[in-house]
Amino acid sequence: MPSDAKQIIIIGGGIVGISTAYYLLQHPQYDSKKDFVIVIEAGHLGESASGKAGGFLASWATPKCLAPLSFKLHAELAKDLGGDKWGYRRVHAAEIKLKIELEEPDINVSGKAPKNLDWLLPGSIEDYTEVGTPVDSAQAHPKLLLQSMASAVISGGASIILNTSVSRINYDDTGSVVKSVTVTGDAAETIVPATHILVAAGPWTPKLIPSIHLLAPKGHSVVFNPSRDLSSHVLFPVIETEGGGEIEADIYPRPKDSLNGFETAYSSGPDYYDSLLPSSVETVEVESVKCDEVITAISGVSQQLREGGVIARQACYKAQIRKHEEGEEVGPIVGPMEDVKGLWVATGFDEWGIQNAPGAGLVTSQMIIEGKAWSADVDSLHPRHYVAR
Ligand SMILES: Cc1cc2nc3c(=O)[nH]c(=O)nc-3n(C[C@H](O)[C@H](O)[C@H](O)COP(=O)(O)OP(=O)(O)OC[C@H]3O[C@@H](n4cnc5c(N)ncnc54)[C@H](O)[C@@H]3O)c2cc1C
């Protein structure tokens, strides 16, 4: 093997790991004759948050240093790889206040909601504020996006090893240069040599880099089979329930896709912090009562969603640096680990990981191959701002 060959191991086959692999293979200085990229994923593709998210994309997302670049890259990916495969489309997005209505009055109470939002019970709409338009907002089916990018990564010559967990990163005798990873799959432990390692293990990242601390809120989501086609809005409702409480349950109508063969609508409920992160993505438990909360709230505001029924109930954990206000910039963490040669990290993407993954993947590929990111100034995301000392 030539002495300058790059043996790049990416730990984690979520959207961030796969995006980084994609842009590494595209980098002009990546030489497929001597370099290689291996993505090692503990579960199957799409079992983590990267397969269970809503898939809302916006150029106005946080952080400002990454979001516009990443939004632009999503449009390029849709053009280059065929965005129809993952339901890429531009959308209107709105914050909306809804009230569960059991009767169906024939007036639009807020008067502000667009007419094609006729799949919400008109009497349920108390307030409507547009936050995104097709110029700056879009959506993607995260699991199908992940699968399409993974196919491109494999066609580009990289390997994706599934059902295999990295148990340890190994360093040289000084502890300051990466040497290999120890993996556990169906067979016994194996050592895979590496010159460059990216840890993109989402909320599990601290297991491999303990100096990084993360919260891991759990989110539940459901997928409906609407009784008729819905308009292409992404909605962020606060729904007042019958008991006088409130629940936040986002709604994302999705175009017909190859998984189901018909249009669907995704809805996710609030974050819960009282559930410990399981040892692996394979053992994430779906709590039916949390899904039922979402189903009850959504069924109370849309006849089309109530009638169509639920086709999936799911749960996942996301990596969060700390709790924060909406719109406040907190991470993600993207960059080299100081004091260790050959080790990078990309985690803490919180509620914007699908949106920000292509941008993060591109700048990380530049850091790994050229030593510096130049498509965006991401110094504010450097691990030194977040690592516990
Ligand atoms: C309910 C919900 C809705 C969301 N909606 C949106 C949205 O609309 N738009 C948006 O932009 N974002 C959204 N997000 C956020 C988004 O899902 C995440 O930010 C994103 O998926 C993070 O991707 P990731 O690759 O960093 O992590 P993950 O998807 O968690 O992937 C990490 C992977 O690493 C693997 N792994 C972990 N440890 C190891 C190991 N030791 N060895 C090998 N593999 C390992 C895991 O199995 C996992 O597959 C949402 C999140 C939730 C929870």
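Trainee: Where is Pro332 found?

Mentor: Pro332 sits in the loop between β18 (310-317) and β19 (333-336). Strands here are DSSP runs of E with at least two residues, helices are runs of H or I with at least four residues, and both are numbered from the N terminus. Before we go on, this is a predicted model, where local features need pLDDT of at least 70 and side-chain atom pairs count only at pLDDT 80 or more, while totals for chains, interfaces and linings use all residues. Residues are numbered from 1 along each chain as its sequence is written, and side-chain values use heavy atoms, leaving out hydrogens and water.

Trainee: Which peptide bond is cis, with omega near 5 degrees?

Mentor: Most peptide bonds are trans, and most residues other than glycine have a negative phi. Here, the bond from Gly331 to Pro332 is cis, with omega near 5 degrees. A cis bond also joins Thr62 and Pro63, with omega about -5 degrees. Pro63 belongs to the loop between β3 (56-58) and α3 (67-81).

Trainee: What is the phi of Asp339?

Mentor: Asp339 has a positive phi of about 75 degrees, although it is not a glycine. Look for Asp339 in the loop between β19 and β20 (343-347). Asn163 is not a glycine either, and its phi is positive, about 55 degrees.

Trainee: Is Asp339 buried or exposed?

Mentor: Buried means under 20% relative accessible area, exposed over 50%, and partly exposed in between (1.4 Å probe, protein chains only). Asp339 is exposed, at 63%, whereas Asn163 is partly exposed, at 30%.

Trainee: How many disulfides does the structure hold?

Mentor: A disulfide is a covalent bond between the sulfur atoms of two cysteines. The cut-off used is a pair of cysteine sulfur atoms within 2.5 Å. The structure holds zero disulfides. The sulfur of Cys291 is 11 Å from the closest cysteine sulfur, in Cys316, so the two are too far apart for a bond. Cys291 is buried, at 0% relative accessibility, and Cys316 is buried too, at 14%.

Trainee: Which residues come nearest to the ligand?

Mentor: A residue is near a molecule if one of its heavy atoms lies within 4 Å of it. Of the 37 residues around the ligand, Glu41, Ser48, Ser50, Asp350 and Gln355 come nearest. α8 (353-370) is one of the contributing elements, and α8 gives the most to the shell, with three residues.
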